[in-house]
Amino acid sequence: MRATERHGSVSHKFVEQPVEAPESYGFPSIHNVTIQGEHLSPHNFEQYESSSATSKYHVQSSPSSLSFSANGSPTSQPYLQSYQSSGSPLNQSCSTNDVGGLSHKIRELESLLLGNESDVLDIYGITSQVKHNQDLSGEQNWKQMMEMISRGDLEEVLCACAEALAENDMSTTEWLMSNLRQMVSVSGKPIQRLGAYMLEGLVARLASTGSCIYASLRCKEPASAELLSYMHILYEICPYFKFGYMSANGAIAEAMKDESRVHIIDFQIAQGSQWITLIQALASRPGGPPHIRLTGIDDSTSAYARGGGLDLVGKRLSRLAESYKVPFEFHAAGISASKVQLEDLAVQTGEALAVNFAFTLHHMPDESVSIENHRDRLLRVVKSLSPKVVTLVEQESNTNTAPFCPRFTEAFSYYGAIFDSIDEALPREHKERINVEQHCLAREIVNIIACEGVERVERTELLSKWRSRFMMAGFSPYPLSSIINATIKTLLQSYSEKYTLEERDGALYLGWKNQALVASCAWR
């Protein structure tokens, strides 16, 4: 969950036309449709299918004509074929003199290996029964989907649509999409709002593949000042970012309490807001503040949002440090985190090093994407610098190597909790809520669902997996102190009581209604 990440925007059409599909997706119009023997054109088809009466989404035609059975399920015209049993091939081809009972032995062997003719007929009968059972199963599945739609079970219909898409069942996928458009809304309940963006992801996945996906998702970015304001709203109404920054700062302050020269490397500095409270805390340290050198690594979206390069961050923090009489030095590293090399970090002798990975490592491609495996490479680079502390803040979700359908379900569960927490903080009629969700969260959702390979950059992992990666790189846990836990509890008092805080195995987990959403820990 990264408010400053840009992975291709979702379409603005949800704001203006939440239930209509773009014509540009270009699916063929439906044809050869019959209901109870009557031919339907695309025009009068809508009279029979009320669930898609307002949808402009066309159902892709199949090679065979499509008809509806008595129970309402679509069935293709049966493909007829007959089987002719004329005995076993070996029975026809083997003709030898009956010397020493040889032919008798051959027939015995033949019977053991292939069975007799009645067995072959039985096999055909079994095949016919399996086909019959499959037809019954298909009708039953269709009835279940009709029941899902009739009772308005949005989660089940979304998952059924994802499964149909994964199985390349285009007619079912498109039919479910047309129904889903009547069920989602960017101004409705949390599940309806989330459903709108998950449907957007499914449509984008169906319409495009590979590098073409970004073209189907691209839309006009808001002005930089507007984007920054949306990020700030999300930062204020939900404690997810504050929790991560505060827990990381606490671990760094504790590790550096006796150091006179401190070097902090932030692999995703964004606006630099995280370091305001740390500079203030170190300014009041007994014995005086240390000399602080901050290396900030940037990304293009952060630069766009703040309307300039890292020099803006450096000037802002330098003025703050000066006002608190803290010796301060800023080093700008305008390079993508995945491309960072040892020389880019400008580490000097005689300084205590702290490294901060807050909501950034999950954007690094791992071994499942590239043989370069920047995710583990970066950890090895940092370990070679012998830091006193390394802080990690990440979403507690598994969307990295999970197959499409489990990943879809995971995203629904995770972002469902996020949208629910936003609903608790902002009224549904709040004019900026749609913009916050669309520009700060929807990109992530669409990227998780629509993209694969290098195009899919939202690749979160559970803390148990991060723990394995850090230990493999040679790190050992640095347990967070009870003081940090108490500070976070004080923070959460300003928010809904539905937020939860759990300390487990030296790490802190922030959750919503007991579902862990963000994990924070430290290493050395």
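Ser386 is placed in the loop between helix H15 (374–383) and strand S9 (389–395); helices (H or I, at least four residues) and strands (E, at least two) are DSSP runs, numbered from the N terminus. Phi of Ser386 is near 55 degrees, a positive value in a residue other than glycine. Ser386 is exposed, with a relative accessible area of 58%. Here, exposed means over 50% relative accessible area, buried means under 20%, and partly exposed lies in between (1.4 Å probe, protein chains only).

The model is predicted: local features need pLDDT of at least 70, side-chain atom pairs count only at pLDDT 80 or more, and totals for chains, interfaces and linings use all residues. Residues are numbered from 1 along each chain as its sequence is written, and side-chain values use heavy atoms, with hydrogens and water left out.

The chain holds 19 helices and 12 strands. Of its 524 residues, 49% are buried. Contacts (heavy atoms within 4.5 Å) were also sorted by sequence separation. Among those between residues at least 6 apart in sequence, 77% join residues at least 24 apart.

Lys325 has a phi of about 60 degrees although it is not a glycine. Lys325 is found in the loop between helix H14 (310–323) and strand S7 (328–333). With 70% relative accessibility, Lys325 counts as exposed. Gly309 lies in the loop between helix H13 (300–306) and H14. Gly309 counts as partly exposed, at 30% relative accessibility. The C-alpha atoms of Gly309 and Gly334 are separated by 7.9 Å, and the two residues are 25 residues apart along the chain.

Covered helical positions follow. Helix H7 (residues 170–180) is mostly covered, with 10 of its 11 residues buried. Among the buried residues of H7 are Met170, Trp175, Leu176, Met177 and Leu180. Glu174 and Asn179 are also among the buried residues of H7. Val382 is placed in helix H15. At 1% relative accessibility, Val382 counts as buried. Val382 touches Phe267, Val355, Phe357, Pro387, Val390 and Phe475, not counting residues up to four places away in sequence. Val382 and Leu342 are 40 residues apart in sequence, yet 8.2 Å apart in space, C-alpha to C-alpha.

Phe475 also takes part in a charge–ring arrangement. Lys383 lies over the face of Phe475, at 5.2 Å from the ring centre. A charge sits over a ring if NZ of Lys or CZ of Arg is within 6 Å of the ring centre and within 35 degrees of the ring normal. Arg504 lies over the face of Tyr509, at 4.0 Å from the ring centre.

The structure holds 13 aromatic pairs. Rings of Phe, Tyr and Trp (its six-membered ring) pair if their centres lie within 6.5 Å; planes under 30 degrees apart count as stacked, over 60 as edge-to-face and the rest as tilted. Tyr240 and Tyr499 form an edge-to-face pair, 5.8 Å centre to centre, with 70 degrees between the planes. Tyr240 lies in helix H11 and Tyr499 in strand S10 (residues 499–504), so the pair ties together parts that are 259 residues apart in sequence. Both Tyr240 and Tyr499 are buried. Tyr414 and Tyr415 form another edge-to-face pair, 5.3 Å centre to centre, with 75 degrees between the planes. Tyr414 and Tyr415 are both buried. Ring pairs also link Tyr235, Phe241, Tyr245 and Phe359 into a cluster.

Ser421 lies in helix H16 (residues 404–425). With a relative accessible area of 1%, Ser421 is buried.

The second largest pocket has a volume of about 600 Å³. On a 1 Å grid over the protein atoms alone, a pocket is an open set of points where a 1.4 Å probe fits, with protein on both sides within 12 Å along at least five of seven lines; lining residues have an atom within 4 Å of a point. Grid points are joined across faces, edges and corners, and a volume is the space filled by probe spheres set on the points. The second largest pocket is lined by 23 residues, of which Met246, Asn249, Gly250, Ala253 and Ala281 lie nearest its centre. Helix H11 (240–255), helix H12 (274–283) and helix H19 (482–492) are the elements that give two or more residues to this lining. The largest share, 7 residues, comes from H11. By class, the lining has 11 nonpolar, 8 polar and 4 charged residues. Ala, Val, Leu, Ile, Met, Phe, Trp, Tyr, Cys and Pro count as nonpolar, Asp, Glu, Lys and Arg as charged, and the others, Gly among them, as polar.
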